[in-house]
Every structure is written in structure tokens, then in C-alpha cells.
Amino acid sequence: VSAFLLTPSSDLTNRVSFAYRIETPPTMEDDQKRLNPSLTDVLATQGGSASPVNESISKYTKYFDKDGAHLKKDESAEICQRYYELVTDFYEYGWGESFHFAPVRKGEGFAAALQRHHYFFALKLKLDDKMKVLDVGCGVGGPLRDVAAFSGAHVTGLNISKYQLERARLLTQKFDAKNKCDFVEGDFNQIPFPDNSFDCVYAFEAICHSKDRVKTFSEIRRVLKPGGCFLSQDWITTDNYNPDDSNHKQIIAGILEGDALTRLDTASHIKSCLVKSGFDVVEACDYRNKGELQWSSPLQSHGAKFRSTRFGRLCTHGMLYIMEKLRLAPKGTVDVHTMLCKGADNLVKANHLDIFSPLFITVARK
């Protein structure tokens, strides 16, 4: 583990021993104890969208052409808000409270892998109970709660989605370290905090939604204290991606539509944008091969909840189809699930061709 760390203090290293050196990691059965909504909850709330589900999914899909490419790249913020209104409850139902990937070990439940990965981030940043930290694009607060509980730092979650913030606050009410957590609505291109507000900033698979990385990185740098670090996990196309290969293009287009993205960048482009924004890049590493299992394994079978596997998605899809026909589910629910399945299936294809990674991690210092 120490090979991947920025020389953390011995105290912090000791506190993560159970997560990184555990001989019998939590199993898939242990994962089921995590609080997640049932399918009934998903259908009852449907992301808190003010519009009918059918209308919302129709508007969302219009952002993409038949190949999944974006028609209006300047509307990324609106696209994200509409997307997460539609999918947040489905994400919690099928994935959990942390909407990102993590390296997975053999015999390890995916929830355990995610939690260990959050502790890894806390170690990389050398967090302690005297620090103020910003989580950019915090989702429903899964990583934030783990980081706060593990490190003792005060963590603020920033999110553009009102509904996700409602969910984050609700879930955090049941959390022992809730006094270490708070949530703020805002755009990562206009962060509602003064200069030099935070000791550290991190982001899990959030900056990939940015239409202008230099602007986003510059804004993150602004709210960092001098010497503070920004740790980010991002989605990239690898060197194996060929933009002239029609199959490659179709797969990436499916990922864009299924995950509300305007584009996917390369590792070199992300590093260049960090430098242009004024950061010193301390580390840049693609972690897609750091796990003992493939990063897409939660979408296939191993270490995942049944709901997130391909067969589980098919079963859910069949149930939703019947329920929508019987008017037990809002019209458009099947279309939302179809869109999510399209993204998941293309992520698996991209992994098999090794043209994409969701685990490009950078550490940049102000």
C-alpha cells in the first residue's frame, strides 16, 4: 500500500490497516447490509423529478444523436441535472451509495472495495481531524461519509443536483459522524466559497462532466489553500482507443449517452488542463489494472450485488416492463432503465477492448 501513498503519517496508516491488510474482506452477503432503496422505493420517487418520467427521459435523449454523440456540448450542467433526476434512485438500488468504480480484490464484496478505496483517498491526502475538505460532485454522499468517519476531517459535499442533496442529507442523518459532514448546492465552475477555503479537495468521477476542464480545475484551485492538494478519479479513453474505428466510436457513444457525458478525454489532456489551471501535477496514474479483478466486474458478476450484474439488469428490466404495462410504474421508467443498461453494457465492452478506464487518478498541488 505504501507504494501508492504520499508518505502518510504513521497514525493514519495504522488506522487503515483493517481495510488494506484484512485477511477476510467483507463478503457479498455483508454488502447486503448496506442501506439501499427497494425497487418499490425507486418507482415511488423516480428521482424527485418535477416532470413526468416519460417527459424527462424524452428531453434527456434529445441531447444525443442516433450514435450517442452530443448535439449541444454547452449544456452539460443541464444534462447532468436532468440525468441525475432520472437515475439516482436506480443507482442506489443497483449500485449503492457511492456512484463510482474501485479496484476490486478476489473474495471482496464491491461495497467493501468502495469503502477501502475511500480510505485510500483519505490516506493519499493525509487527512486529519483538523482539516476542511471539499468533495466535488458528492452524489448522495457515500464517499464523503466514509472519508469523514475514517479521517475525522470535516467534509463538505458540493452538488448541482437538488435531489441528490436531499438524499445525501437524509442518509447522513443516520450517520454517527454527521457533525463532520455538510452539503452545499452549487456548480463546480462557480464554487460558492471564498478563496483558500479548503485544505484539500477530491472528486470521484465527477470532473468528466465538465465542459471546460481548465475552468473547473482553476475554480477548484481557487478554493484550495496554498500547498493544498486536489485528488481526482476520472474517466478517460486509453491509448488503445482508435477514433477511426467505428466499433470503438459506437461503444464510447453508448457510454456518453448512458452516463450523461459530453465527451471523454485522454490522460495527457487531463494532465495538460491541470497544468494550465496552475496546478503542479504530483502524480498521475491509471488504476484500471490495480485490482485483482477487472474493474468492470461489478457490472458482470463477481463481487457485485445481483441487481447490478447483466442478468440482474435483465430481470429488473422485465419486471419494470410488466409493471409499466400494468400502470404500476410511471410511463418512461423502462426507457430510463434501457438508457442505464446501454451505458453499463458499453462499459463492459470498453473494458474487454481496453479502450476506456474509469480509474485515472491524479494528485495536483496548489
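## Basis of the model

The expected span of a helix is 1.5 Å times one less than its number of residues. Helices (H or I, at least four residues) and strands (E, at least two) are DSSP runs, numbered from the N terminus.

This is a predicted model, in which local features need pLDDT of at least 70 and side-chain atom pairs count only at pLDDT 80 or more, while totals for chains, interfaces and linings use all residues. Residues are numbered from 1 along each chain as its sequence is written, and side-chain values use heavy atoms, with hydrogens and water left out.

## Overall fold

The protein has 14 helices and 7 strands. Of its 366 residues, 57% count as buried. Buried means under 20% relative accessible area, exposed over 50%, and partly exposed in between (1.4 Å probe, protein chains only).

The accessible surface comes to about 15,700 Å². Carbon and sulfur atoms hold 51% of that surface. Areas come from the Shrake-Rupley method with a 1.4 Å probe; for residues, only the protein chains shown count as cover. A contact means heavy atoms within 4.5 Å. Among contacts with a separation of 6 or more, 77% join residues 24 or more positions apart.

Helix H7 covers residues 110-124, 15 residues in total. From first C-alpha to last, H7 reaches 21 Å, close to the 21 Å expected at 1.5 Å a residue. Of its 15 residues, 14 are buried, so H7 is largely enclosed by the rest of the structure.

Just after H7, Lys 126 takes a positive phi of about 55 degrees. Leu 127 lies in the loop between H7 and strand S1. Leu 127 is buried, with a relative accessible area of 1%. Its C-alpha is separated by 8.2 Å from that of Cys 200, 73 residues apart along the chain.

## Nonpolar cores

A nonpolar core is a set of buried Ala, Val, Leu, Ile, Met, Phe, Trp, Tyr and Cys residues joined through side-chain atoms within 4.5 Å. The largest has 55 residues. Those with the most contacts inside it are Leu 127, Tyr 202, Trp 235, Ile 255, Leu 264, Leu 347 and Phe 356. H7 gives the most to this core, with 8 residues. Apart from it lies another core, of 22 residues, among them Leu 134, Phe 198, Val 223 and Ala 364.

Residues up to four places away in sequence aside, Tyr 202 touches residues including Phe 121, Leu 125, Val 133, Leu 134, Pro 143, Val 155 and Phe 230.

## Strands S1 and S2

Strand S1 spans 132-136. Of its 5 residues, 4 are buried, so S1 is largely enclosed by the rest of the structure. S1 pairs with strand S2 (residues 154-159) in the parallel sense over 5 bridges. Two strands pair if DSSP finds at least two bridges between them. Lys 132 stands opposite His 154 in S2.

## Cysteines

A disulfide is a pair of cysteine sulfur atoms within 2.5 Å. By this rule the count comes to 0 disulfides. Cys 208 is in no disulfide; the nearest cysteine sulfur, that of Cys 80, is 8.0 Å away. Cys 208 is buried, with a relative accessible area of 4%. Cys 315 counts as partly exposed, at 29% relative accessibility.

## His 337

His 337 sits in helix H14 (residues 333-353). At 6% relative accessibility, His 337 counts as buried. Leaving out residues up to four places away in sequence, His 337 touches Phe 90, Arg 313, Thr 316, His 317 and Leu 320.
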